[in-house]
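Please look over the sequence and the structure below, and then read the briefing, which is grouped by topic.

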Amino acid sequence: MPAERLILGIDGGGTKTVAWLARPAVGEPEILGRGSAGPSNIQSVGLAAATESLDQAIAAAFDAAGIQRVTLAAAVVALAGSDRDENRAQLHRWAQDHHVAQQWVVVHDAQPVLRAGSPENWGVALIAGTGSLAFGRNRDGRTTRAGGWGFLFGDEGSGYSVALAGLRAVMHAHDGRGPETALTAAFLARLGLQSATGLILAVYPHAADRAWVASLADTVVECSREADSAAGRILDQAADDLAAMVEAVARRLDVGQPGFPLALTGGMLLASAEVRERLAKSLKRRGLTPNEVLVPHPVLGAVCLAQDLVAQAG
């Protein structure tokens, strides 16, 4: 199959890399093959490991499609940690040296989320997974962001922050500094512990693994369903923090009119209707009533961006 008929989208992060091979089509591209590999966040794993994962994911996508690997017409690579010019330049050199694509574009990982959730590619994208970020684009192409500053400076409303808040609520209850909460029994059962003090040895060894910590956030969500007041307050705060990011982006870009596209992705938003409901209420209090669209596969947005490149090239 000639290169001009093939495009690729890649969504890469700190845990895995997903690549979708496609053929341009009217509307959404025709997906031919899907591949995956290990992490490709340069900041986390370094250039060599990141490019190895990219290469493996691309090869797997071609294999899944039953197509011999060729130079692509266009590839859009959405990578966490790609903001630095140095990282982008290194990836461009690798792609050129390996003849990956005639057009190779590296974008921030929020851009495909917006494209997947808004075919006209304007509005706001909100990510709430291990970390959190809001990114927006207006109809004139101007962009801005809020959040995304990492676990030390930001990540409000993320799975990581919700899990930490839940663990702190348990310890506050243990100390008598806070109310009794169902979170205590829930966390102890999940981690196979007998007492709250056991959380120290169970959790601290994983402190550097933010994805592992963030995975505990669903315990807070489960307790909120049981009307636990501490868990409910934590989710209310998370929703308010996420809404504040959306508001900041929407106001700055002047895209906050009723029904503006709001593309949602990340485990906190995709898996929890409770968080989405709280988010909608917080946005409404701020005078914002967007059209929310769930984006379970941000890589689709990367494929659509690659199709846009081919269309623009004529």
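A crossing of two helices is left-handed if the near helix is turned anticlockwise from the far one by less than a right angle, and right-handed if clockwise. The model is predicted, so local features need pLDDT of at least 70 and side-chain atom pairs count only at pLDDT 80 or more, while totals for chains, interfaces and linings use all residues. Residues are numbered from 1 along each chain as its sequence is written, and side-chain values use heavy atoms, with hydrogens and water left out.

**Helix packing**
- Helix H2 (residues 47-65) and helix H3 (residues 85-97) pack at an angle of about 45°, and their axes are 11 Å apart.
- That angle makes H2 oblique to H3, since angles under 35 degrees count as roughly parallel, over 145 as roughly antiparallel, 65 to 115 as roughly perpendicular and the rest as oblique.
- The crossing of H2 and H3 is right-handed.
- The contact (heavy atoms within 4.5 Å) is made by Leu47, Thr51, Leu54, Asp55 and Ile58 of H2, together with Gln90, Leu91 and Trp94 of H3.

**Aromatic pair**
- Phenylalanine 151 and tyrosine 160 form an aromatic pair (ring centres within 6.5 Å; planes under 30 degrees apart are stacked, over 60 edge-to-face, the rest tilted), which is edge-to-face at 5.9 Å centre to centre and 75° between the planes.
- Tyrosine 160 is buried, with a relative accessible area of 10%, where buried means under 20%, exposed over 50% and partly exposed in between, using a 1.4 Å probe and protein chains only.
- Phenylalanine 151 is partly exposed, at 36%.

Notes: Axes are lines fitted to C-alpha atoms, for helices over the stretch in contact, and angles run from 0 to 180 degrees between N-to-C directions. Helices (H or I, at least four residues) and strands (E, at least two) are DSSP runs, numbered from the N terminus. Rings of Phe, Tyr and Trp (its six-membered ring) pair if their centres lie within 6.5 Å; planes under 30 degrees apart count as stacked, over 60 as edge-to-face and the rest as tilted.
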